[in-house]
Amino acid sequence: MTPRHSPWDALLEGEEVVHRSVERARRAHGEPVPSGLDSRAAAALARRGIAALYTHQLDAWEALHRGEDVIVTTGTASGKSLAYALPILDAVARDRSARALYVAPTKALARDQARAFAAYGLPGLRVTTYDGDTALDERARVRREGNVILTNPDMLHVGILPRHDRWGDVLHNLRLVVVDEAHVYRGVFGAHVANVLRRLRRLAAAYDADPRFVLASATIANPGELAEALTGRPATVIDTDTSPQAERDVVIWNPPLLDPVLGTRASALAEASRLLAGLVSRGLRTICFTKSRRAAELVHRFTSERVDRELAGRLAPYRSGYTPEQRREIERRLVDGELLGVTATEALELGIDIGLLDCAVSVGFPGTVASLRQQWGRAGRAGHGLAVLITGEDALDQFFAREPEALLDRVVEAAIVDHANPRILDAHVLAAAFEGPVRAEDAATLGPAAVSRAAVLPELEHTRAGAVWKGRDYPAARISLRSGDTESYVVVDAASGAVLGLVERERAYSTVHEGAVYLHLGAQYVVRSLDHRLRTALVEQVDVDWYTQAKRDSETVVQAELSQSRSSGVDLSFGRIVVTEQVVAYHRKAIADGATIEVVPLVLPETTFETEAIWFSPDDALLDGLDRMPALLGALHAAEHALISLLPLWAMCDRWDLGGLSTNLHPETGRPTIFVYDGHAGGAGLAERGFGRFDGWVADTARLVAGCPCRDGCPSCVQSPKCGNLNEFLDKAAAARLLERMRAAA
């Protein structure tokens with residue numbers, strides 16, 4: 001059922017709209033403010049007009065008073081921030097020496113919450129921000145005066161913990177630690193943050209403090225498991241949501257099919273600009289989420305060209321890369337209502353208060369159902385809203401376009417964190433040893449694996465006090481929390497000497513090899529040289545009509561089979577493997593049509609890393625009629641690509657976090673075999689998640705391939721943007737038969 005009179009009805013009448021439904025409104029249910037709240041904190045709530053609490057806010061308060069850690073997992077705009085603000089206000093009102101630490105994944109969110117805390121007007125509440133934008137002369141004042149300190153994991157890791165002697169008073173009086181947007185901390189980033197939080201717990205204990213942890217998360221499948229993985233302690237799950245929810249139109253918009261044979265569609269960015277222009281022209285406040293900074297800028301530009309000059313002045317892009325002053329000005333204009341439309345990257349997906357919006361448009365599936373619901377939750381905060389997903393050519397997008405119920409009825413994904421991944425853990429053990437000797441009793445905070453690694457790491461010296469760092473620098477500075485590789489390559493503009501970015505060593509050979517086209521803020525650069533000793537790629541800005549794609553040779557060696565099950569007609573294995581890759585050439589391809597202009601041979605070193613994988617060898621019955629070359633290899637290769645494209649439905653990840661290999665004869669299995677593995681060294685728990693959900697994963701993949709209207713395979717089904725073989729030897733029809741047989745055998 002859809003409403004008859006919505007201001008956007010005329011925009012939704014084309015064939016591009018493949019689904020439209022209504023999410024019904026939910027009325028609020030309030031609870032009295034707890035009588036045990038300090039009277040000054042209660043007065044602060046009253047000044048904000050807060051006379052009652054939602055159930056999850058009250059439940060969090062009561063659990064914290066029982067001495068429990070909590071994770072609050074409710075929908076967007078449900079008032080999660082009050083669930084952690086309330087105990088902070090109470091603690092500061094009762095004890096002026098009490099300190100609280102708020103950790104957010106972005107600077108923008110931390111600064112937004114700083115404004116929200118200050119608005120309570122509690123006497124004695126001193127809200128301070130400690131991030132990369134904090135002036136050097138301000139940092140001492142933050143340590144000395146701030147009793148609510150807002151920061152991010154990176155500054156906690158590199159600015160607070162290694163210098164804990166300067167933060168002794170904060171750590172000694174630390175009562176509460178808030179970890180906001182906890183669902184963001186998954187995979188490699190989550191593993192790093194989990195170790196940072198364990199190091200924080202260890203140092204707080206050294207200063208005689210035992211703070212409670214309050215985590216706030218979007219709705220995910222495993223909130224309790226995530227909280228314990230991040231902090232090392234169990235947490236009470238608070239998930240009863242009695243906050244109001246506006247009625248909302250939900251629309252899936254699929255750009256028109258331009259070539260049924262090739263499966264190409266009209267540009268999702270162009271469709272987004274057309275829809276955004278139509279919405280803002282009707283006076284509807286709209287946010288449009290894109291998956292990259294370049295896409296945000298392009299949608300903004302295309303939209304501005306579709307409207308008059310006055311209306312164009314009320315549009316703005318919002319992405320990382322702006323100065324702090326630019327970001328805050330855009331945020332102010334949003335909150336004040338000056339802006340009608342904004343195109344944004346995920347920075348505004350998080351809980352930043354940007355006022356009341358009518359519409360939220362997502363350009364491309366953002367990777368997880370949880371993220372999509374976060375984005376859509378921006379729509380209709382003041383009344384009836386519109387939430388739109390404009391699907392791209394990606395396989396997952398087109399799967400949802402053809403089967404919207406698979407998206408709208410889907411249980412949200414699980415956030416996977418493995419803090420004990422040795423590739424990540426070792427670096428944090430070294431950082432912890434710099435902060436203080438690592439002893440056996442530190443297993444209670446750092447974890448047993450960390451103490452075991454401290455005993456064997458050669459960078460540590462073993463003393464009677466414990467394992468200590470014997471270097472002259474401080475090891476935390478070597479660790480990038482957003483990467484699994486400590487040996488990144490620096491991309492440098494040869495003309496200006498400016499650092500444009502960092503590339504993990506594992507990806508450097510395929511993305512910044514000599515001759516590669518490197519994109520930065522929408523500009524093209526060609527790599528002129530790659531120095532392996534200095535780990536530096538020198539680039540030169542160009543304007544060309546071609547791009548590059550690396551060709552890789554890969555092989556896998558099974559190290560250990562850890563589990564096996566009979567699933568979907570195959571003997572499925574999970575375990576540790578070693579992946580060896582070598583870039584052997586690159587193709588220069590025309591931007592206009594993807595045609596190969598030139599193939600350039602390369603000689604680059606092999607890269608080898610250990611990771612986790614699932615693998616299986618289809619038997620003769622599953623391969624009946626497909627067992628001759630080239631159909632056999634085409635079936636396996638296409639099925640591998642399709643499986644990789646849909647694993648993000650079951651584990652919160654991106655297809656770029658995964659790798660795969662398919663072969664008609666693997667030397668260890670002696671049979672045709674498909675591998676799907678975690679793309680980061682050591683693994684991040686993604687393949688293991690797929691192992692446990694294999695039947696559903698295969699069923700979704702079979703439906704994806706069978707339902708794609710293309711003839712021979714396209715980016716919406718079996719072609720992969722990261723294929724090391726440049727999407728050669730793919731047989732869509734054979735893969736569809738194999739996957740359907742596996743689905744039927746489940």
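Arg535 is partly exposed, with 32% of relative accessible area, where buried means under 20% relative accessible area, exposed over 50% and partly exposed in between, for a 1.4 Å probe and protein chains only. The structure is a predicted model, in which local features need pLDDT of at least 70 and side-chain atom pairs count only at pLDDT 80 or more, whereas totals for chains, interfaces and linings use all residues. Residues are numbered from 1 along each chain as its sequence is written, and side-chain values use heavy atoms, with hydrogens and water left out.

Arg535 is found in the loop between strand 24 (523-531) and strand 25 (536-542); helices (H or I, at least four residues) and strands (E, at least two) are DSSP runs, numbered from the N terminus. The phi angle of Arg535 is near 50°, a positive value in a residue other than glycine. A positive phi is also found at Phe729, where the angle is near 60° and the residue is again not glycine. Phe729 lies in the loop between helix 22 (694-707) and helix 23 (732-745), and with a relative accessible area of 55% this residue is exposed. A further backbone feature is the peptide bond from Met629 to Pro630, which is cis, with omega near 5°; Pro630 is found in the loop between strand 29 (607-616) and helix 20 (631-646).

The protein as a whole has 23 helices and 31 strands. Its radius of gyration is 26 Å, close to the 27 Å that the globule rule gives for 746 residues, so the protein is as compact as a globular protein of that length; the radius is taken over C-alpha atoms, and the rule is 2.2 Å times the number of residues to the power 0.38. Along the principal axes, the C-alpha trace spans about 75 × 75 × 55 Å. Of the 746 residues, 58% count as buried. Among contacts (heavy atoms within 4.5 Å) with a separation of 6 or more, 73% are accounted for by residues 24 or more positions apart.

The protein exposes about 29,400 Å², of which carbon and sulfur atoms supply 49%, the areas coming from the Shrake-Rupley method with a 1.4 Å probe. There are 84 positive and 98 negative side chains, and the centres of the two sets lie 4 Å apart; Lys and Arg count as positive and Asp and Glu as negative, while His and the chain ends are not counted.

Rings of Phe, Tyr and Trp (its six-membered ring) pair if their centres lie within 6.5 Å, and planes under 30 degrees apart count as stacked, over 60 as edge-to-face and the rest as tilted. By this rule the count comes to 13 aromatic pairs. One of them joins Phe365 and Phe400 edge-to-face, at 4.9 Å centre to centre and with 65° between the planes. Phe365 lies in the loop between strand 17 (359-363) and helix 14 (369-376) and Phe400 in helix 15 (residues 395-402), so the pair ties together parts that are 35 residues apart in sequence. Phe365 is buried, at 2% relative accessible area, and Phe400 is buried at 0%. In Phe574 and Phe691 the ring centres are 5.9 Å apart and the planes are at 40°, so this pair is tilted. The pair links distant parts of the chain, with Phe574 in strand 27 (residues 570-590) and Phe691 in helix 21 (residues 686-692), 117 residues apart. Phe574 counts as buried at 4% relative accessibility, and Phe691 is buried at 15%. Tyr84, Tyr102 and Phe117 form one aromatic cluster.

Definitions and conventions:
The place of a charge is taken as NZ of Lys, CZ of Arg, CG of Asp or CD of Glu.
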